[in-house]
Amino acid sequence: MNAARARIVALKTGVWLACLVPLAWSIWRFARGEASVDPVEEWLHRSGKTAVIILVISLAVTPVRRLTGWNGAQKFRRLLGLFAFFYAVLHVAVYLYFEQGLAWSFILEDVTERPFIVSGTVAFLLLVPLALSSTRGSIRRLGRSWARLHKLVYLAMAAVLLHYVWGQKADIRDPLIVAGIVVLLLGVRLYYWGRKRAARAAAAEG
Ligand code: HEM
């Protein structure tokens, strides 16, 4: 294995371990009886926040690659996206099983009537095709359409942010910070997209 490959493997191992920390921490606290008085609430909040944080980090991969010129960054995008989805699944599972006790009539009412839950559901439904199309086979098969499909992540992020803001009782500082970071990342992408278009137009003109 050459040095560059060894560095990527070491970094990927680090990403795996870092992404598993919130889950390990929750299990550890629960096993030691240190979870809060309402462990369901604690799990719901930790899984939701972790999903958002990893999702934002996955969105930062392309801007980081563009700003630093480090193409290796791209190798972490899929892994981060899948971990964000993993925590989103955990979050939804805790809601369905522990918070609602699989009472489907209540759940149906919740996911269609409470704007906060509706936006969470929309976000989750948008993340599903992204996760399902993240296998190496799908990426190869879909080619350019894959990149187009994965732009949906910004729509999913917008729905997540609405869900996050509406879910707060009073203090909306955290979701606003996340929204600011997302706008910044989107700005970097738009800047490079504009530059590429201008370069193409200049080349076409001769
Ligand atoms: C079917 C979809 C979803 C449902 C039913 C759902 C449900 C919930 C519930 C019940 C809460 C707790 C609110 C409270 O106690 O005040 C919550 C909070 C949250 N959810 Fe979701 N959620 C969904 C999807 C998502 C997705 C896809 C994400 C992120 C990718 C997400 C991120 C969050 C965040 C960040 C919080 C706030 C955590 C905090 O304030 O500590 N949710 N969600």
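Begin by selecting Gly 206, which lies just after helix α9 and takes a positive phi of about 120 degrees. Helices here are DSSP runs (H or I, at least four residues), strands are DSSP runs too (E, at least two), and both are numbered from the N terminus.

The model is a predicted one: local features need pLDDT of at least 70, side-chain atom pairs count only at pLDDT 80 or more, and totals for chains, interfaces and linings use all residues. Residues are numbered from 1 along each chain as its sequence is written, and side-chain values use heavy atoms, with hydrogens and water left out.

**Helix α9**

Next, select residues 173–205, the 33 residues of α9. Colour Pro 175, Val 178, Val 182, Leu 185, Val 188 and Tyr 192, which are buried. Buried means under 20% relative accessible area, exposed over 50%, and partly exposed in between (1.4 Å probe, protein chains only). Which helices do the buried residues of α9 pack against? They pack against α2 and α8 (152–167), where contact means heavy atoms within 4.5 Å.

**Helix α1**

Move to residues 3–31, helix α1, whose 29 residues should span 42 Å and whose end C-alpha atoms are 40 Å apart, in agreement. Centre the view on Val 21, where α1 bends by about 40 degrees; Pro 22 follows within four residues. The bend is the angle between axes fitted to the seven residues ending at a residue and the seven starting there. The buried residues of α1, among them Ile 8, Val 15 and Cys 19, pack against α2 (39–68) and α3 (77–99). Just after α1, select Gly 33, with a positive phi of about 70 degrees.

**The ligand**

An oxygen atom of the ligand is 2.7 Å from an N or O atom in the side chain of Lys 169. For the side chain of Gln 168, the corresponding distance is 2.9 Å.

**Ser 138**

Finally, select Ser 138 in helix α6 (residues 136–142). Is Ser 138 buried or exposed? Ser 138 is buried, because its relative accessible area is 10%.

Definitions and conventions:
The expected span of a helix is 1.5 Å times one less than its number of residues. A polar contact is a pair of N or O atoms within 3.5 Å; within protein, one must be able to donate a hydrogen and the other to accept it, and residues adjacent in sequence count only if both atoms are side-chain atoms.
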